[in-house]
Amino acid sequence: MKVKELREFDVPTLAQKFIDEKEAYFNLRFQYSAGKLENSAALKKKRKNIARILTIINEKKLTNNQEQTK
């Protein structure tokens, strides 16, 4: 997913997407270790998607904390 699309979601939805991406990444790693994965670049894409989601979750939490302290 693109960053613009991810920023539209709220934190619980992003958390669910994070869980889904982690499960998909686990399955890809399993396929890779078994020698069944044809596109090894998919591992890198999943890792980057996971990092994007975590970054946006942290940004949203920080902005919520800053708004509450004002």
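Does E21 count as buried or exposed, and at what relative accessibility? In this predicted model, E21 comes out as buried, because its relative accessibility is 17% and the cut-off for buried is under 20%. The residue sits in helix α2, which runs over residues 11–34. Leaving aside residues up to four places away in sequence, E21 touches K46, N49, I50 and I53.

Side chains of opposite charge can pair when their charged atoms come close. Here the side chains of E21 and K46 meet in a salt bridge, at 3.3 Å from N to O. That pair ties together distant parts of the chain, with E21 in helix α2 and K46 in helix α3, 25 residues apart.

The structure holds 2 salt bridges in total. Besides E21 and K46, the side chains of R7 and E59 pair up, with N to O at 2.5 Å. This one also links distant parts of the chain: R7 belongs to helix α1 (residues 3–7) and E59 to helix α3, 52 residues apart. R7 counts as partly exposed because its relative accessibility is 43%. E59 is likewise partly exposed, given a relative accessible area of 31%.

K44, R47, K48 and R52 together form a positive surface patch. Of these residues, K48 is found in helix α3, which spans residues 41–69. K48 counts as partly exposed because its relative accessibility is 44%.

Key: Residues are numbered from 1 along each chain as its sequence is written. This is a predicted model: local features need pLDDT of at least 70, side-chain atom pairs count only at pLDDT 80 or more; totals for chains, interfaces and linings use all residues. Side-chain values use heavy atoms; hydrogens and water are left out. Patches are made of residues with over 30% relative accessible area and no salt bridge: like charges are joined within 9 Å, nonpolar side chains (Val, Leu, Ile, Met, Phe, Trp, Tyr) within 5 Å. Accessible areas come from the Shrake-Rupley method with a 1.4 Å probe; for residues, only the protein chains shown count as cover. A salt bridge is a side-chain nitrogen of Lys or Arg within 4 Å of a carboxyl oxygen of Asp or Glu. Lys and Arg count as positive and Asp and Glu as negative; His and the chain ends are not counted. The place of a charge is taken as NZ of Lys, CZ of Arg, CG of Asp or CD of Glu. Helices (H or I, at least four residues) and strands (E, at least two) are DSSP runs, numbered from the N terminus. Buried means under 20% relative accessible area, exposed over 50%, partly exposed in between (1.4 Å probe, protein chains only). Contact means heavy atoms within 4.5 Å.
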